[in-house]
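Subject: Structure handover

Hello,

Here is the structure I said I would pass on. Please open it alongside this email.

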Amino acid sequence: MGLPGRRVTVAGLGVSGVPAAKALHALGARVTVVNDGDDEPARAQAAELETLGVTVRLGDGRTLPEGTELIVTSPGWKPASPLFAAAAAAGVPVWGDVELAWRLRGPGAAPWLAVTGTNGKTTTVQMLASILSAAGLRTAAVGNIGTPVLDVVLSGGEYDVLAVELSSYQLHWAPSVRPHSAAVLNLAPDHLDWHGSMAAYAADKGRIYEGNKVACVYNLADPATEALVREADVEEGCRAIGFGLGSPRPSELGVVDGILVDRAFAPERHKSAQELAEVCDVHPPAPHNIANALAAAALARAFGVAPAAVRDGLRAFRPDAHRIAHVDRIDDVDYVDDSKATNTHAAEASLAAYEHIVWIGGGLAKGATFDELVTAAAKRLRGAVLIGADRGLIREALARHAPEVPVVDLDRTDTGAMAAAVRAARDLAHPGDTVLLAPACASMDMFANYKARGNAFAEAVRDLRAPGAGQ
């Protein structure tokens, strides 16, 4: 890569910027880090880097340092940043940390099985890693999931294959990444303030298919994902593989009589299907989670994993907290935490998993509208409890499309708001119902993050069992 002596600017500190700066410095580059923020955490990170000999400029992420030959950016920096405009004018290339990791891979490096989509990425990558491990392969779940792929590439660890979660931000800055096989799980409007349009967002997601060798995996229920496959420039012989919840045709994975089956990689796929696992092997067996399992299975099968390992990997897998997590069953009412449903697409999938629901929703809408979500869920709703800054948008959608559904509008943002929401939901619920936290909104108006919101919900549910909770 010719890094020794090369002037490289790293845009942004944080989870990806600091490792990138360290790696580039260790490889002999002359590194300058620019960062918009100048708070205490940034100053601490800057001090750490400066002891290594890295130059850090805090409070100025707009100006291109003189002599810059390459920019390596943290994924959150918007393409419209003045820094990148200056780079384009000067002919300076911009890479993300994922692009840097790809280019630093050595000979014989582990191939990547990559996953993107609006929702379900982390769960699918974790399922995939569980399946690959069950097959006896040395693997890790990396990327947007929390462990930077750059760290794994530089660690020197020996892997047979990596399960890689890639966000649209990361894909935008990764022009040369070429996975062995990849999946786009779904597409729904999200991060449009960053990408500028739905078309640009979809195009960045579609980059994951570029150069695929064996399989481009797409969602049969989402035609936009198939369209991205059709537009991709792949290697000769790479196949389009669909997944869905119905009976599969050749080159598809699907479900038949409660069995996950493969008609894409089965020996005689035109005449028969290969049994992979039972629906009850997927935890939890909600429809969208079964779809995640099928996508993970398709990527594993593309890598040559045997059916038994798919079954064993799915059986062993348990999702992270706050993803349709069953908290408790009280007075024949189930309480389910899906605080990770931070947009309407995710919430719609969550609401579709239960028959009768008291829905707790609301927060920061991020420009979303709720008419389609409410229309799809209206027949399942026993009631709704609304919280957060943009709850009025959901209340108005309920009034338009589900006027018969009782609504509790909680106009409070204090620390007891979630407890009040859970009590109100309990009062609306009938035996056999599910009280579901699926906010369809971001959490930062009331909570530090979706995890804190989910923890508050779980604590409030536990408090229902406390003496006097029924009063």
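Below are my notes, sheet by sheet and then helix by helix.

This is a predicted model: local features need pLDDT of at least 70, side-chain atom pairs count only at pLDDT 80 or more, and totals for chains, interfaces and linings use all residues. Residues are numbered from 1 along each chain as its sequence is written, and side-chain values use heavy atoms, with hydrogens and water left out.

Some terms. Helices (H or I, at least four residues) and strands (E, at least two) are DSSP runs, numbered from the N terminus. Two strands pair if DSSP finds at least two bridges between them. Contact means heavy atoms within 4.5 Å. Axes are lines fitted to C-alpha atoms, for helices over the stretch in contact, and angles run from 0 to 180 degrees between N-to-C directions.

The five-stranded sheet

This open sheet has 5 strands, in the order β3-β2-β1-β4-β5, with parallel pairing. Its edge strands, β3 (55-58) and β5 (94-96), each pair on one side only. From one strand to the next, the twist averages 25°. Strand β4 (residues 70-73) runs parallel to β5 and is joined to it by 3 bridges. Val-72 has Trp-95 in β5 as its bridge partner. Helix α3 (residues 82-90) lies across β1 (7-11), β2 (30-35), β4 and β5. It runs at about 155° to β4.

The nine-stranded sheet

Here 9 strands form an open sheet with mixed pairing. The order is β7-β8-β6-β9-β10-β11-β12-β13-β14. The edge strands are β7 (141-143) and β14 (274-278), and each pairs on one side only. The twist averages 25° from one strand to the next.

Start at the β7 end. β7 and β8 run parallel, with 3 bridges between them. β6 and β8 also run parallel, joined by 4 bridges. Glu-165 in β8 is the bridge partner of Gly-143, and it also stands opposite Val-115.

Is strand β8 (residues 162-165) covered on one side or on both faces? Both faces are covered. Leu-162 and Val-164 are buried on one side, Ala-163 and Glu-165 on the other. Buried means under 20% relative accessible area, exposed over 50%, and partly exposed in between (1.4 Å probe, protein chains only). Glu-158 sits in the loop between α6 (149-155) and β8. Glu-158 is exposed, with a relative accessible area of 62%.

Further along, strand β10 (residues 215-219) and strand β11 (residues 239-243) run parallel, joined by 5 bridges. Val-217 pairs with Ile-241 in β11 as its bridge partner. Helix α11 (residues 287-302) packs on the sheet, touching β6, β9, β10, β11, β12 (252-256), β13 (259-262) and β14. Its direction makes about 135° with that of β12. Helix α12 (residues 307-316) lies across β13 and β14, at about 10° to β14.

Helices

α1 and helix α2 (residues 40-50) pack at an angle of about 10°, with axes 11 Å apart. They are therefore roughly parallel to each other. Angles under 35 degrees count as roughly parallel, over 145 as roughly antiparallel, 65 to 115 as roughly perpendicular, and the rest as oblique. Gly-14, Val-18, Ala-21 and Lys-22 in α1 meet Gln-45, Glu-48 and Leu-49 in α2.

The axes of helix α16 (residues 417-428) and helix α17 (residues 450-463) come within 9 Å and cross at roughly 55°. That makes α16 oblique to α17. From α16, Met-418, Ala-419 and Val-422 meet Arg-453, Ala-456, Phe-457, Ala-460 and Val-461 in α17.

Helix α9 (residues 198-206) has Tyr-201, Ala-202, Asp-204, Lys-205 and Gly-206 buried. These pack against β6 (112-116), α5 (121-134), α7 (168-172), β9 (181-184), α8 (192-195) and α10 (223-231).

Cores

A nonpolar core is a set of buried Ala, Val, Leu, Ile, Met, Phe, Trp, Tyr and Cys residues joined through side-chain atoms within 4.5 Å. The largest has 51 residues, and Leu-24, Val-33 and Tyr-209 have the most contacts inside it. Helix α1 (residues 14-26) gives the largest share of this core, 5 residues. A second, separate core of 41 residues includes Val-161, Leu-185, Ala-298 and Phe-317.

Best wishes
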